[in-house]
Amino acid sequence: SMRWSSRVTLGAIVAFGSVIRATGFSRHDLWFDDAWVAVPARVPLSEAVNLVNTTPLFSLLMRSWISLWQNQTWWAQAPAYLAGLAAIVAVYRLLRFFQQSETLSLLAAGVIAVSPIVVDYSTRLKQYNLDILFACGLLVLFEKWRRSGTTRHALQVGALGALSLLTTGSTIVIIAPMLGLMILSSVRERDRRVGTLLAVGGVVVTFALEWVIWLSHLSHGLFVGWRNRGYLLDLRSTHRFWF
């Protein structure tokens, strides 16, 4: 159970995080990259599904949210703001789940609360703070499966993995190694094989559908940017790659 002093401290951290994030709210026009996320709310759904890039579910949910109040910038920013605050608590709960000390867990929450990039994207129309939430949830579910080996826990990992992939493609960096470890574990322990097969199969099928419907239609410019301009990793030289 959480001591009252820890509750107060965590509450203070979240409150501080909420204040410094609130400075990013705006009544003016959206930043140009955020404006692209808002475009689907201005067009029919049949056209909007072709504008979602690597975040189909996030983009479509944002489309629905923005449509409720299209002319208010702060309204469009609200989901990212709430996700940014939730990320503070999620990281605290993650460390406590792994039986880390209260001090270290609160320190981790503090890091998320004041991290410039987390704060910045708490009022941008981006999914990056959701990445933190998905990562925390996947780590908890994967650890439960590792301890128990049950099919139920494997299905939970697979379901959240598939959902996170549909929401934001960035989560593949945590899903892929998890599935690899599940496969490795099932090779050694036969009773884990059914659950692993279902979990891995579900994620693979989801990714295949996502590729056919969305990812295969991405702009060539995005691939060039990722591959040649270092948007994700700079591949132009071995030194830059390792850096």
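This is a predicted model: local features need pLDDT of at least 70, side-chain atom pairs count only at pLDDT 80 or more; totals for chains, interfaces and linings use all residues.
1. **Helices α5 and α6.** Helix α5 covers residues 73–97, and helix α6 covers residues 102–114. The two pack with their axes 8 Å apart. The angle between them is about 155°. That makes α5 roughly antiparallel to α6, since angles over 145 degrees count as such. The crossing of α5 past α6 is right-handed.

2. **The loop between α5 and α6.** Gln99 sits in this loop. Its backbone deserves a look: Gln99 has a positive phi of about 65°, yet it is not a glycine. Most residues other than glycine have a negative phi. The side of the question that concerns solvent is simple. Gln99 is exposed, at 70% relative accessible area, and the cut-off for exposed is over 50%.

3. **Arg96 and Glu102.** Side chains of opposite charge can pair when their charged atoms come close. Here Arg96 and Glu102 form a salt bridge. The closest N and O atoms are 3.4 Å apart, which is inside the 4 Å limit for a salt bridge. The partners differ in cover. Glu102 is buried, at 10% relative accessibility. Arg96 is partly exposed, with a relative accessible area of 28%.

4. **Salt bridges as a set.** How many salt bridges does the model hold? The count comes to five. The pair of Arg96 and Glu102 has been described above. Two further pairs share Glu143, one with Arg146 and one with Arg147.

5. Glu143, Arg146 and Arg147 are linked in a network of salt bridges. In the Arg146 to Glu143 pair, the closest N and O atoms are 2.8 Å apart. For Arg147 and Glu143, the closest N and O atoms are also separated by 2.8 Å. Arg146 and Glu143 are three residues apart in helix α8 (residues 128–148), so about one helical turn separates them. Arg147 and Glu143 both lie in α8 too, four residues apart, again about one turn of the helix.

6. **Cover around the network.** Is Glu143 buried or exposed? Glu143 is buried, with a relative accessible area of 9%; the cut-off for buried is under 20%. Arg146 is partly exposed, at 44% relative accessibility.

7. **Lys144.** This residue also belongs to helix α8. Lys144 is partly exposed, with a relative accessible area of 35%. As a distance check, take Lys144 and Tyr81. They are 63 residues apart along the chain, and their C-alpha atoms are separated by 29 Å.

8. **Helices α9 and α11.** Helix α9 spans residues 151–167. Helix α11 spans residues 193–213. Their axes lie 8 Å apart, at an angle of about 10°. The two helices are therefore roughly parallel to each other, as the limit for that term is under 35 degrees. α9 passes α11 in a right-handed crossing.

9. **Helices α10 and α11.** Helix α10 spans residues 172–188. It packs on α11 with axes 9 Å apart and an angle of about 150°. That makes α10 roughly antiparallel to α11. α10 passes α11 in a left-handed crossing, whereas α9 passes α11 in a right-handed one.

10. **Ser185 and Thr196.** Ser185 lies in helix α10. It is buried, at 16% relative accessibility. Which distance separates its C-alpha atom from that of Thr196? The two C-alpha atoms are 8.9 Å apart. Along the chain, Ser185 and Thr196 are 11 residues apart.

11. **A nonpolar patch.** Val205, Leu209, Trp211, Val212 and Ile213 make a nonpolar surface patch. The patch has an area of about 490 Å². One of its members, Trp211, is in helix α11. Trp211 is partly exposed, with a relative accessible area of 41%.

12. **Points to check in the viewer.** Start with the positive phi of Gln99.

Methods. Residues are numbered from 1 along each chain as its sequence is written. Side-chain values use heavy atoms; hydrogens and water are left out. Patches are made of residues with over 30% relative accessible area and no salt bridge: like charges are joined within 9 Å, nonpolar side chains (Val, Leu, Ile, Met, Phe, Trp, Tyr) within 5 Å. Accessible areas come from the Shrake-Rupley method with a 1.4 Å probe; for residues, only the protein chains shown count as cover. A salt bridge is a side-chain nitrogen of Lys or Arg within 4 Å of a carboxyl oxygen of Asp or Glu. Buried means under 20% relative accessible area, exposed over 50%, partly exposed in between (1.4 Å probe, protein chains only). Axes are lines fitted to C-alpha atoms, for helices over the stretch in contact, and angles run from 0 to 180 degrees between N-to-C directions. Angles under 35 degrees count as roughly parallel, over 145 as roughly antiparallel, 65 to 115 as roughly perpendicular and the rest as oblique. A crossing is left-handed if the near helix is turned anticlockwise from the far one by less than a right angle, and right-handed if clockwise.
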